[in-house]
Amino acid sequence: MFSREDDRIDIPAKYVGWADTGRCAQEQQLSADPTEVAIERNSAMLLDLLQTALEFDARITSLPLGDYSREQCQHQDVSPGKSCLEMQPGKTEIVRNQMRLYVRTISEKYHPVGFHSWEHASHVMESATKIVYMLQSQSQTSITQDSSNSSSDTDHTVKRRNSGSLRLVDTEMADTIYDPWLHFAISFAALLHDVDHRGLPNATLMAEHDPVTEKYGDPKCLSSYAEWNSADIGLNLLLSEQFSELYSLISNQSKFCNTVRNLILCTDIASKPRRDICMRRWDKACTQSGRSSLGTAVTDSTTKQGITKLFSQEAAQTISEQIMLAADVSHTMQHFEVFMRWNGSLYHEILAAFECGRTEAHYKARLVGGVDNAKPVHPKENWFASQIGFYDFYIIPLAERLDSSCAFGESIKFAPLAVSNKKMWIEKGNEYTEAMVSEAL
């Protein structure tokens with residue numbers, strides 16, 4: 001429908017390994033027009049995932065492949081033998097063009113800041129989509145379950161491969177972490193997650209009384225001003241008339257929008273209330289009783305209890321949040337050169353805010369006057385040590401949660417690369433930091 005026969009150029013994330021995904025994102029910056037390359041790639045990835053979701057709906061409803069979502073087909077009185085696309089010639093090209101225009105419009109709403117830029121959004125989206133492709137691959141792989149969960153072989157049901165080994169298919173994928181519509185939402189959220197970011201944290205936006213702090217000042221927003229703003233900009237654009245054909249394809253539209261918004265909001269890791277909400281969901285859905293949320297979750301994928309949790313809506317929500325969080329910091333668990341590149345970008349963004357007196361520390365210092373211990377500390381002073389702490393208390397536990405979720409099987413692990421990068425940083429980080437600071441002078 002939407003995909004070309006050979007999509008290796010447009011969708012490299014489908015074919016390279018996880019660690020190489022970051023390199024693919026970097027390589028596009030070397031092209032003659034990196035913005036255009038990113039727009040084409042991001043559009044192609046979203047169209048590919050949308051096509052997979054539409055084919056999923058078609059199989060669920062026993063309609064021909066290429067049809068619209070189940071809701072549309074029901075509302076438009078479509079007979080099983082005639083697809084919506086056949087009824088409206090040229091619809092595929094219209095949707096393809098609207099997707100490209102949507103992605104282009106979103107790209108123009110990103111600002112040229114050091115880290116939270118269009119380039120960052122493209123890297124995060126490519127990483128999120130790579131994780132989604134990993135999930136798609138796993139959903140087609142034999143998953144060991146307790147044999148008591150097996151069912152007889154019929155079309156579109158679980159098919160036994162051997163004793164106790166079952167193949168996950170459409171009826172079991174719905175509303176789980178393997179649901180194609182959830183996959184589309186994850187990548188869509190990654191595209192939008194930092195739209196209109198000004199290179200300033202929420203604390204600074206609040207201190208400066210930025211208009212978004214008034215707009216999203218309700219306590220239920222948990223001070224995630226930038227994230228609410230990004231979600232609303234992206235979703236309001238999608239709902240506009242110029243993208244009506246694209247939006248009309250989405251199955252269960254309200255659920256999709258709520259999922260996208262929730263995934264964007266969870267990226268506000270500076271908010272303790274927001275982090276706590278995500279961790280409570282993780283603890284409830286995925287960890288065994290009595291285990292720490294930072295420890296190993298369901299480690300035995302052969303147990304009935306573990307698989308039951310994995311195939312629940314609650315697990316789908318919390319694992320998708322962890323995927324979003326991992327994609328947002330994917331540079332920390334890909335090749336070390338990728339980490340170094342984005343680490344430098346983050347430093348320059350924070351440095352720019354510092355030199356303009358627009359960090360949270362600057363505003364706190366103004367409140368307490370000339371107290372020496374309240375004076376803002378230059379970011380270079382603790383940069384090396386802070387990266388180690390970030391790995392220890394956030395990155396490595398996050399990677400371990402993904403590994404222990406069982407969603408990716410045993411062959412895919414995120415934590416080893418995170419641990420390796422931390423080790424490399426300990427060895428080379430001081431030298432790198434000195435060079436980075438000197439370059440910024």
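I started with Asn-252, which sits in the loop between α12 (244-248) and α13 (253-265). This is a predicted model, so I kept in mind that local features need pLDDT of at least 70.

I looked up the phi of Asn-252 and found a value near 50°, positive in a residue that is not glycine.

Next I turned to Asp-175, in the loop between α7 (170-173) and α8 (180-192). Here too phi is positive in a residue other than glycine, near 65°. With 32% relative accessibility, Asp-175 counts as partly exposed.

**Helices α2 and α6**

I then went to a helix pair, α2 (residues 34-60) and α6 (residues 118-139). Their axes are 11 Å apart and meet at an angle of about 30°. Angles under 35 degrees count as roughly parallel, and α2 and α6 are therefore roughly parallel to each other. I also checked the handedness: α2 passes α6 in a left-handed crossing.

Which residues make the contact? From α2 I listed Thr-35, Ala-38, Ile-39, Arg-41, Asn-42, Met-45, Leu-46, Asp-48, Leu-49 and Thr-52. From α6 I listed Trp-118, Ser-122, Met-125, Glu-126, Thr-129, Val-132, Tyr-133 and Gln-136. Sorted by class, this contact has nine nonpolar, six polar and three charged residues.

**A serine in α6**

I stayed in helix α6 to look at Ser-127. Ser-127 has a relative accessible area of 0%, so I wrote it down as buried. What does Ser-127 touch, leaving aside neighbours within four places in sequence? I found Trp-18, Thr-21, Ala-327, Ser-330 and Gln-334 in contact with Ser-127.

**Nonpolar cores**

My last stop was the nonpolar cores. The largest has 101 residues, and within this core Tyr-102, Phe-184 and Met-333 touch the most other members.

I followed up Tyr-102, not counting residues up to four places away in sequence. Tyr-102 touches Phe-188, Leu-191, Leu-192, Gly-234, Leu-235, Leu-237, Leu-238, Phe-243 and Leu-246. I also found a second, separate core, of 10 residues, with Cys-221, Tyr-225, Ala-226 and Trp-228 among them. As a background reminder to myself, nonpolar side chains tend to be buried together in soluble globular proteins.

Terms used. Residues numbered from 1 in each chain as written. Predicted model: local features only at pLDDT ≥ 70, side-chain atom pairs only at ≥ 80, totals over all residues. Heavy atoms only, no water. Axes fitted to C-alpha atoms, helices over the stretch in contact; angles between N-to-C directions. Helix = DSSP H or I, 4+ residues; strand = E, 2+ residues; numbered from the N terminus. Parallel < 35°, antiparallel > 145°, perpendicular 65-115°, else oblique. Left-handed = near helix turned anticlockwise from the far one by under 90°. Contact = heavy atoms within 4.5 Å. Nonpolar A, V, L, I, M, F, W, Y, C, P; charged D, E, K, R; others polar. Core = buried A, V, L, I, M, F, W, Y, C linked by side-chain atoms within 4.5 Å. Buried < 20%, exposed > 50% of the residue type's maximum accessible area, 1.4 Å probe, protein only.
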